[in-house]
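Here are my notes on the charged side chains, for you to read alongside the model. Have the viewer open and click on the residues as we go.

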Amino acid sequence: MAVGLSTVGNPAVDEEARAEVDVLNSRLDKTAQLTKKIQASLGRLDATGQCVRDVAGPLSVETKRLQVLGNNIDAVLAAIERLRQPTDSKNNEEAIIRSGPENAGLSNFLASIQRLNVSHRDMQASNLRANQETMAELGRLIKSGNSQLEGHFDKLLRMETPRSIEPLHFVTKDQPFPVLTRDNFAHLRLIYSHLAANNHQSAQESSVATIYIEIRGPYLASSLSNLAAASVNTAKKKTPQAAYKPGTNGIGTYAQAMEGIFVSEYDNICQIFARDEWGMVFQATCQPALTELARTLREINSHIKSHLGTDCFLAYEITEIMSSLSGNLETRTGELKGALAAALKPIRETAKISLSELIEDARRKINGLQTLPADGASAPVVSETLRRLQAMVEFLRPMSSIMVSIGDGGWKGQSSANSRPSDAIPSLASFDVGADGREIFAHYCADTIDVLLSSLEQKARVLHKNISLAGVFLANSVIIIERMIVDSDLSPLLASRSETLAQWRKKSTAMYTDVCKNLSACLFDTIHTTRTNRPTSASADSASVVKNLSSKDRDKIKEKFTQFNSGFDDMVSRHKSYNMEREVRALFGEDIRQKLQPLYERFWDRYHEIDKGKGKYVKHDKSQMAAIFTSLAS
């Protein structure tokens, strides 16, 4: 209202306002037209931009393609340039290869072959036809270089490998066996490493390994050959029946030298070859020496079989020595256990067979006896058998191993086992993993002794018609066995089996004192309990006892004294004539005293007045008889 009033009130101002509105409207129209023009321009610009994009897109892709092509061309040009370099340097490498590793120097020679290998691989990768001839020439150069390296390896190795060495020098002086020099180790290792890396060969295919085996194998075998021959020669005895004495064969020195030279050779191999090839190269290198060892052991085994009774101990000794050798080499190299076990097998089988054979040999010797000592002395086969058992104890370690392998009582079935091939694979049932070899050996000794005494008893009953003499013979044998056990290392092994010998002592004593049965019968009298004057059981006065006897009873008493005196004197005479061991004489004398003295003293107390002290019937009083009994035991 105020404006209206003001406008109405001031026309000049109103006119000026309308003029300004017209101006503003005019500008607004121009702005709208300008906006339309701008929008039209933006539309045309978008259309132009789209046209530019439609045209520039393919150009960008083509540009990128051209850039990649350019890069590829640059790479091909660079590869061609590299491929031309071997061709350019081939003459230089060829000169080095033709001069050989000795003239060019091993390091320079190896570097040259390495460069040739790199160039050859690059050419193979490019597969350019233009390089085929150059690639073939490089291949020939590489092959020639490798061949020269093998020859150089051979030459270096032969320079330090003598035909043989004298192993006794190192064994007796306890010195290590020689190995290759440090410089040679370095050169040989370089050659092997290069050839193995570039030829990609296994140890079985490696020409260098073959060269090493062909050179070092005969060296080992030749060095040990004299000791192998000595082992065979020392097995042959001048006295055929003499038992083998431990340590007199050369096999111990042979094994010691073999261990020393094999360990040194293993050190050589470890310095040259890769770890995964040590075992194969070592076994192949040692094979000629192992073959000679197997032949040697077979020859010794034939000798042992021909003299099993006396030389079975050599089989036990060899078993122990070779087992120790195998264990030592297994510890230090981890190899050869199987090869050594195969070489030892014939000896070990013979050692097993000897167990039953020794028992059978004792039985055969006893059965073959035509006579026995007339005085009851023991037969030589007793001490001979016990000496064998004593000798076995000296080889308790291998014996324990053998005993475990055949099992407790296995020696009893050896005859059937012998029919099987020696290389038959044993079943698991034939092994007792918890077996104690010492205990099994003790059982074997007890069986041997039992067979020995059983055979002796049978033979004594046949050849000695007098059972008492057979008892003396058997008791002497038992005592000799006991003595030889106590005085040797058999004692702790057989301590728990003493009851067996005690039974044999008891049996022999019963055989000897069988004569006491007849003598005892002479000292038995008849007491008539129905008579009015019944004699008392207590000590009685001899005169009154004799007085109460009838004439017929007196004659019987006199006859009993006469028979007893005759039998007793004959027994005493025989007892003193027998060849008894001191322990046997004491044993038998005491047993006779216990059986006869109480009976005689009772009989004497009752009837010694039968001849009124004249000595016609009663020859000995109690004190005299006691003295005789004492003399029987001393």
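(Buried means under 20% relative accessible area, exposed over 50%, and partly exposed in between, using a 1.4 Å probe and protein chains only.)

1. First, some ground rules. This is a predicted model, where local features need pLDDT of at least 70, side-chain atom pairs count only at pLDDT 80 or more, and totals for chains, interfaces and linings use all residues. Residues are numbered from 1 along each chain as its sequence is written, and side-chain values use heavy atoms, leaving out hydrogens and water.

2. Now the pair itself. Glu 360 makes a salt bridge with Arg 363, with 2.5 Å between the closest N and O atoms. (That term means a side-chain nitrogen of Lys or Arg within 4 Å of a carboxyl oxygen of Asp or Glu.) The two sit three residues apart in helix α11 (residues 337-367), so about one helical turn separates them. Arg 363 is partly exposed too, at 27%. (Helices are DSSP runs of H or I, at least four residues, numbered from the N terminus.)

3. Next, look at helix α12 (residues 380-393), where Arg 388 and Glu 384 lie four residues apart, about one turn. Their salt bridge has its closest N and O atoms 3.6 Å apart. Arg 388 counts as buried at 10% relative accessibility, while Glu 384 is partly exposed at 25%.

4. Glu 457 is buried at 9%.
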